[in-house]
Amino acid sequence: MNASELNAGLLDEFSDALWLEDGLSRNTLESYRSDLQQFCEWLGEQKWNDNTLPSATHSDLLGFLAYKVSGRVKARTTSRELSSLKRFYRFLLRQGKIQVDPSLNIDTPKLPRSLPASLTEADVEALLNAPDVARSLGLRDRTMLEVLYASGLRVSELVSLDVAQISLNMGVIRVMGKGGRERLTPLGEEALEWVTRYTREARLILLGEKVTNTLFGSACGAAMTRQAFWRLVRRHARSGGHHIIALKSDRPGGGRVRMGIRADRATPAAGGRMDPHADTSRHLARGDLGSGRWRGAGGAKRGDRTMLDALVPA
C-alpha cells in the first residue's frame, strides 16, 4: 500500500469516527477532510519518503502552518486547519496508530471578534421585495427569504425542508440540526402567510410531475442546493441595488442567518443555545454600535460554507 492509499484510508476511518461519535453532517465531514487533504498534498511535496500522515512530525505541522501564513491565507482559515489537524492526530493516538501526538504544544491563535455587517430596514425590505411574486419562482424565492428572515435557520436546513416539517396551525418548524439534534423554531405571522401562499399557488407547479416531500423545489423539480440559494440571493440583492460581500462564517460552516428584528416578523428564541455573535447582536439591537441597523450574524460550527452573513448597500 502506497502513501496516498494509506492516507486516504485513514481519512475514511477518521470521517467514519466523526460521523458515529458526533453525528456530524456531510458538509462538516467534507470540511475536515478538505483541510487534512491539503496537509497530505503539502506533505507529499515536502517529503519524498515516509510522507504518510502517521509519520508527520511536530516540525512538519509547523512547516505547513508557516506555508499557509506565507501564502497570505487568512488567520481564521489557518486556525481552522490547525483544529482539524489536532483532532485528527488525537484520533490516531487513540487508535494506537501513533505513539506521540505531533500537534501537541501548537497553540491555536486567539482571533479577534469582528462585528457583522449590517443592513438598514429599507435595505432588508428591498431585498425581500425583489422577487417577482407573480411568477412561481419569484414566489418561492420570496417565501424562502421570509422563512430565513423569521426563523434564523441555517441555509442547509432551509433548502432541505420537507413539507411535514412545517406546522402551519402551530406556526413552528421542526428542524433536525447538527449532531442529529431536533429543535422547534417558531415562525412569524408574515412568514406563515407566505408559506401558505407558496404551497397553494407555486409549489406543485415547480415540482411538476415529481412526487416529493421537498418544500422548496428548483425549476427542474429537484431539491435546491445551498449554492443555488446563494445565487438567487445574490441575484435579488443586485436587482435591489445591493452588493453581497460574501457568504461566509467564522469557521466553515455554517451559520444561522438573521437579517433583522421587526415586531411583525420576529419570533421568540428557540432553545437555550446562544450564537457566538450573541453579545455583538445585543449591542446592535440596543443601538450601541449603530442605531437602527439590521444585522446578519454568522453563528455555527463547521458545515455550511454558504451563509448569508454580510450584505451591504452597493
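Me: What share of the 314 residues in the chain is buried?
Reply: This is a predicted model, where local features need pLDDT of at least 70, side-chain atom pairs count only at pLDDT 80 or more, and totals for chains, interfaces and linings use all residues. Residues are numbered from 1 along each chain as its sequence is written, and side-chain values use heavy atoms, with hydrogens and water left out. Buried means under 20% relative accessible area, with exposed over 50% and partly exposed in between (1.4 Å probe, protein chains only). On that basis the buried share of the chain is 47%.

Me: How many helices and strands does the chain have?
Reply: Both are DSSP runs numbered from the N terminus: helices are H or I with at least four residues, strands are E with at least two. The count for the chain is 11 helices and seven strands.

Me: Which residues of helix 2 make the contact with helix 1?
Reply: Contact means heavy atoms within 4.5 Å. Helix 1 contributes Asn7, Ala8, Leu11, Asp12, Phe14, Ser15, Leu18 and Trp19. From helix 2 come Leu29, Tyr32, Arg33, Leu36, Gln37 and Cys40.

Me: Which strands stand at the edges of the open sheet?
Reply: Three strands form this sheet in the order 2-3-4, with antiparallel pairing; two strands pair if DSSP finds at least two bridges between them. Each edge strand has a single partner, so one side of each lacks a neighbour in the sheet. The edges are strand 2 and strand 4.

Me: Which residue in the turn between strand 2 and strand 3 has a positive phi?
Reply: Strand 2 (residues 166-167) and strand 3 (residues 172-176) pair over two bridges. They form a hairpin with four residues between them. Phi is about 75 degrees at glycine 171.

Me: Which residue of strand 4 stands opposite arginine 174?
Reply: Strand 3 pairs with strand 4 (residues 182-186) in the antiparallel sense over five bridges. Opposite arginine 174 stands leucine 184.
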